[in-house]
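The following dialogue takes a new reader through one protein model. Please look at the sequence and the structure before reading on.

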Amino acid sequence: MRALENQPHAVPAMPDILATCHCGAVTLRLPAAPARITQCNCSLCRRYGVLWAYYPIAEIGIAATSPTDTYAWNGRHVDFHRCATCGCLTHWHPRKAGRETLGINARLLDPALLAAAEIHYKDTAGTGLFH
Ligand SMILES: [Zn+2]
């Protein structure tokens with residue numbers, strides 16, 4: 001039997017967590033369910049009605065059958081992606097190389113996973129602090 005450490009994909013089998021848009025065109029593969037979720041009250045997030053789960057970019061697999069539509073605002077540091085077919089907001093991704101975190105729309109997850117996570121409220125429109 002060959003040593004597992006020489007095989008880059010021979011990591012212990014962990015069930016991936018999938019977040020998908022409504023039509024299934026966009027799929028995000030997460031390494032684990034989020035323990036913590038952020039609700040932000042900024043002018044954009046409150047309109048999207050989104051809940052964010054943050055992950056290292058390297059840990060997320062993003063597959064889309066067609067290019068997503070994007071939106072950027074303010075400093076235009078990140079692109080907000082949405083499915084071009086069903087319109088679901090799927091994630092934000094930093095524009096600048098070197099940034100290591102992206103945000104996943106946790107509302108795309110199985111509701112049971114969402115219910116199990118702790119929700120933190122970020123007052124971006126006010127103090128900028130969590131409360
Ligand atoms: Zn879709």
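**Reading the model, step by step**

Q: Which residues does isoleucine 104 touch, leaving out residues up to four places away in sequence?
A: Two residues are in contact if their C-beta atoms, placed from the backbone, lie within 7 Å. On that rule isoleucine 104 touches Ala19, Leu28, Leu30, Ala53, Tyr55 and His91, residues up to four places away in sequence not being counted.

Q: What kind of model is this, and how are its residues numbered?
A: Residues are numbered from 1 along each chain as its sequence is written. The model is predicted: local features need pLDDT of at least 70 and side-chain atom pairs count only at pLDDT 80 or more, whereas totals for chains, interfaces and linings use all residues.

Q: How many helices and strands does the protein have?
A: Helices (H or I, at least four residues) and strands (E, at least two) are DSSP runs, numbered from the N terminus. The protein has two helices and 10 strands. Along the sequence they follow the pattern β-β-β-α-β-β-β-β-β-β-α-β.

Q: What share of the residues is buried?
A: A residue is buried if 20 or more other C-beta atoms lie within 10 Å of its own, exposed if 12 or fewer, and partly exposed in between, the C-beta atoms being placed from the backbone. Of the 131 residues in the protein, 23% are buried.

Q: Which members of the largest nonpolar core touch the most other members?
A: In soluble globular proteins, nonpolar side chains tend to be buried together. A nonpolar core is a set of buried Ala, Val, Leu, Ile, Met, Phe, Trp, Tyr and Cys residues joined through C-beta atoms within 7 Å. The largest one here has 22 residues, and Trp52, Ile104 and Ala106 touch the most other members. At least two residues of this core come from each of strand E2 (26-30), strand E3 (36-40), strand E4 (52-56), strand E7 (78-82), strand E8 (89-94) and strand E9 (101-105).

Q: In what order do the strands of the open sheet lie?
A: Two strands pair if DSSP finds at least two bridges between them. An open sheet of three strands has the order E1-E2-E5, and its pairing is antiparallel. Strand E1 (17-20) and strand E5 (61-64) are the edge strands, each pairing on one side only. From one strand to the next the twist averages 20 degrees, where axes are lines fitted to C-alpha atoms, for helices over the stretch in contact, and angles run from 0 to 180 degrees between N-to-C directions. Four bridges join E1 and E2 in the antiparallel sense, and alanine 19 has leucine 28 in E2 as its bridge partner.

Q: Where do asparagine 74 and arginine 76 lie?
A: Most residues other than glycine have a negative phi, and most peptide bonds are trans. Asparagine 74, in the loop between strand E6 (69-71) and E7, has a positive phi near 55 degrees. Arginine 76 is found in the loop between E6 and E7, and its phi is positive at about 55 degrees. Asparagine 74 counts as exposed because it has 9 C-beta neighbours inside 10 Å.

Q: Why does strand E10 lie largely in the open?
A: Strand E10 (residues 118-122) lies largely in the open because the number buried among its five residues is zero. E10 runs parallel to E3, joined by five bridges, and histidine 120 in E10 stands opposite threonine 38.

Q: With which residues is tyrosine 121 in contact, leaving aside neighbours within four places in sequence?
A: Tyrosine 121, in strand E10, is in contact with Gln39, Phe130 and His131, such neighbours left aside. The C-alpha atoms of glutamine 39 and tyrosine 121 are 4.9 Å apart, although 82 residues separate them along the chain. Glutamine 39 is partly exposed, with 17 other C-beta atoms within 10 Å, whereas tyrosine 121 counts as exposed with 12 C-beta neighbours inside 10 Å.
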